[in-house]
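The sequence and the structure are shown first.

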Amino acid sequence: MSAIEPGHRREAEAHIRDHALGEAARIEKLSRIREFVLGAQDGLLVPLGVVTGMAAASPGRAVILVAGLAEAVAGSIAMGGGSYLASEAEEALYAAEIADEGQEVEEHPEREVAELALVLEAEGLPRDSAEEVAQGLASNPNVFLRTKVQKELGLSPDAGGAAVGDALVVGLTYLGAAVIPLWPYALFGIDVALPISVVCTLLALFALGVAKGTVARQPRVRAGLQVLVIGAISAAVGYGIGHLVTSVVG
């Protein structure tokens, strides 16, 4: 294979500098849509079910607000903490797997070169080319390990460090979303606040689904309706439980 021409190399360097690195950062930010959707959806659904169920039992507007706010704060902490612990455990697992792979490279370098050559061959490179590439990569231990981690473990060698960010996104989004089903009870009586709360929350859920569909490049209306239907079921179940408990307990 002939050497890369200087002009093509400069063009590639400019593309990486101006486009590829920026795209990687953009995709990383978009990948956080999972935490945003998780926090927002639960922040809408859970308080909606709580206040709707309590509204059906008619304990008084102040009681509904206190219960809703308490749930919102506790839920925000629980969701954020759970997200942090899950992300931290995942990152620790990835780090351990990468460390194990690095130890294997140090202890059995020839075998690891042969393994990478086999992986490259399975991906379509001719045997001679696969062995040449693997041996070339092995001349740089850092590059070799990164390639092994990507090809054999299916992991990004740069993964990690997102636990705190994930937790903040989930927790704060949950808390912010919880305001939507709660605010009508701060301004209106139960009979008026209940339908306003349900309608506002369902509209917010539909908008959330549309936003998720836009980012994920899915059909927007279908994505919005999926989330809206889940919210409608949550409200109906909460209201039904409130009525059932009231009729049983009195």
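Predicted model: local features only at pLDDT ≥ 70, side-chain atom pairs only at ≥ 80, totals over all residues.

An α-helix has 3.6 residues a turn, so residues three or four places apart point the same way.

With 14 residues, α4 spans 20 Å from its first C-alpha to its last, which is close to the 20 Å expected at 1.5 Å a residue. After α4 comes G124, which has a positive phi near 125 degrees.

**The contact of α3 with α4**

Helix α3, residues 61–107, packs against helix α4, residues 109–122, at an angle of about 115 degrees, and their axes are 5 Å apart. On the α3 side the contact is made by E101, E104, V105, E106 and E107, while α4 contributes P109, R111 and E112. Sorted by class, this contact has 6 charged residues, 2 nonpolar residues and no polar ones.

**Nonpolar cores**

The largest nonpolar core has 24 residues, and those with the most contacts inside it are A55, I64, Y185 and L205. The elements that give two or more residues to this core are α2 (33–57), α3, α7 (163–187), α8 (190–216) and α9 (220–249), and α8 gives the most, with 8 residues. Apart from this core lies another, of 8 residues, among them A117, A130, A134 and F144.

Not counting residues up to four places away in sequence, L205 touches Q41, L44, L45, G224, V227, L228 and G231.

E35 lies in helix α2 and counts as buried because its relative accessibility is 5%, which is under the 20% cut-off. Leaving out residues up to four places away in sequence, E35 touches D166, V169 and V170.

P184 is found in helix α7, and its relative accessibility of 0% means that P184 also counts as buried. Beyond its neighbours within four places in sequence, P184 is in contact with A193, I196 and S197. The C-alpha atoms of P184 and V198, 14 residues apart along the chain, are separated by 9.6 Å.

Terms used:
Residues numbered from 1 in each chain as written. Heavy atoms only, no water. Axes fitted to C-alpha atoms, helices over the stretch in contact; angles between N-to-C directions. Helix = DSSP H or I, 4+ residues; strand = E, 2+ residues; numbered from the N terminus. Contact = heavy atoms within 4.5 Å. Nonpolar A, V, L, I, M, F, W, Y, C, P; charged D, E, K, R; others polar. Core = buried A, V, L, I, M, F, W, Y, C linked by side-chain atoms within 4.5 Å. Buried < 20%, exposed > 50% of the residue type's maximum accessible area, 1.4 Å probe, protein only. Expected span 1.5 Å × (residues − 1).
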